[in-house]
Amino acid sequence: MLTSHSIRLVTAIACAIALAYSTASIAGDMASFATGGYARGLHNDKLMHKIDTDGDGTISKDEWIAYQEKVFAMLDKNQSGTLDAKTFISPDGGELVSFATGGYARGLRTKAMMHKIDTDGDGTISHDEYIAYQTKIFDMMDTSTDHKGMIGHQEMFATGGANRR
């Protein structure tokens with residue numbers, strides 16, 4: 001016969017296993033949706049603090065999109081609304097590196113990431129493709145059970161990321 005202590009222990013173990021599988025699934029989704037370099041670049045305290053403009057320790061979806069809008073604007077120097085491979089992958093990313101982090105900029109500006117973001121396969125990344133991609137990344141990182149539209153420190157690093165701190 002199970003005691004109340006045994007039942008609580010079994011319940012706690014079951015919850016821990018479910019959480020582990022959930023986190024592994026999210027990490028798998030992120031790995032298939034982004035490249036390893038980009039995912040590692042995201043999981044960085046410095047980047048989190050740059051995106052968290054109100055300083056509350058979380059990143060709202062609005063903060064995330066505003067940040068990504070600025071990244072796109074920095075990449076789209078000629079303000080055409082699209083990024084070709086030469087512009088997107090260009091090693092001249094000093095401004096972006098100082099705005100973001102070096103790991104994020106290097107992880108983002110690769111041929112493999114361009115291919116993932118360029119959903120229509122036309123060889124360019126439109127503003128809409130970029131923001132839609134980044135919105136999906138945010139949604140993948142929002143791992144709370146109610147998907148409250150906020151990413152805290154734990155969620156920022158829940159999908160993997162050896163680059164914690």
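pLDDT is the predictor's confidence in each residue, on a scale from 0 to 100. This model is predicted, so the tour starts with that score and then moves to particular residues.

**Stop 1: the whole chain, coloured by confidence**

Select the chain and colour it by pLDDT. The mean over the chain is 76, and 69% of the residues reach 70 or more. Which elements mark the two ends of the range? Confidence is lowest in helix 1 (residues 4-33), with a mean of 45, and highest in strand 3 (residues 124-126), with 96.

Now select residues 5-28. Here pLDDT stays under 50, and the model has six contacts beyond four places in sequence for this stretch. Next select residues 159-165. Over these residues, too, pLDDT stays under 50, and the model has 16 contacts beyond four places in sequence.

**Stop 2: helices and strands**

Switch to a cartoon view. The chain has ten helices and four strands. Follow the chain along its sequence, and the elements come in the pattern α-α-α-β-α-β-α-α-α-α-β-α-β-α.

Then show the surface. The accessible surface of the chain is about 9,100 Å², and carbon and sulfur atoms hold 59% of that area. Of the 165 residues in the chain, 39% are buried. Among contacts in the chain with a separation of 6 or more, 63% are between residues 24 or more positions apart.

**Stop 3: a loop with a side-chain contact**

Select Asn44. Where does Asn44 sit? The residue is in the loop between helix 2 (36-42) and helix 3 (45-51). Asn44 has a relative accessibility of 13%, which is under 20%, so it counts as buried. A polar atom of the Asn44 side chain lies 2.7 Å from the backbone nitrogen of Lys46.

**Stop 4: aromatic pairs**

A pair of aromatic rings is described by two values, the distance of the centres and the angle of the planes. The structure holds three aromatic pairs; two of them are visited here.

Select Tyr67 and Tyr104. Their rings form an edge-to-face pair, at 6.3 Å centre to centre and with 65° between the planes.

**Stop 5: a salt bridge**

Side chains of opposite charge can pair when their charged atoms come close. How many salt bridges does the count give? The count is one salt bridge.

Select Lys61 and Asp139 to see the salt bridge. The closest N and O atoms of the two residues are 2.7 Å apart. Lys61 lies in helix 4 and Asp139 in helix 9, so the pair ties together parts that are 78 residues apart in sequence. Lys61 counts as partly exposed, at 30% relative accessibility. Asp139 also counts as partly exposed, at 36%.

**Stop 6**

Select helix 6 (residues 94-99) and pick out Leu96. Leu96 is buried, with a relative accessible area of 2%. Which residues does Leu96 contact, leaving aside neighbours within four places in sequence? They are Val71, Met74, Leu75, Thr101, Ala105 and Arg109. For a distance to draw in the viewer, take Leu96 and Arg106: ten residues apart in sequence, they are 9.7 Å apart from C-alpha to C-alpha.

Now select Glu95, which also lies in helix 6. Glu95 counts as partly exposed, at 45% relative accessibility. Residues up to four places away in sequence aside, Glu95 touches Met74 and Lys77. Last, draw the C-alpha to C-alpha distance between Glu95 and Val71. The two are 24 residues apart in sequence and 9.7 Å apart in space.

How values were computed:
Residues are numbered from 1 along each chain as its sequence is written. This is a predicted model: local features need pLDDT of at least 70, side-chain atom pairs count only at pLDDT 80 or more; totals for chains, interfaces and linings use all residues. Side-chain values use heavy atoms; hydrogens and water are left out. Rings of Phe, Tyr and Trp (its six-membered ring) pair if their centres lie within 6.5 Å; planes under 30 degrees apart count as stacked, over 60 as edge-to-face and the rest as tilted. Helices (H or I, at least four residues) and strands (E, at least two) are DSSP runs, numbered from the N terminus. Contact means heavy atoms within 4.5 Å. A salt bridge is a side-chain nitrogen of Lys or Arg within 4 Å of a carboxyl oxygen of Asp or Glu. Buried means under 20% relative accessible area, exposed over 50%, partly exposed in between (1.4 Å probe, protein chains only). Accessible areas come from the Shrake-Rupley method with a 1.4 Å probe; for residues, only the protein chains shown count as cover. A polar contact is a pair of N or O atoms within 3.5 Å; within protein, one must be able to donate a hydrogen and the other to accept it, and residues adjacent in sequence count only if both atoms are side-chain atoms.
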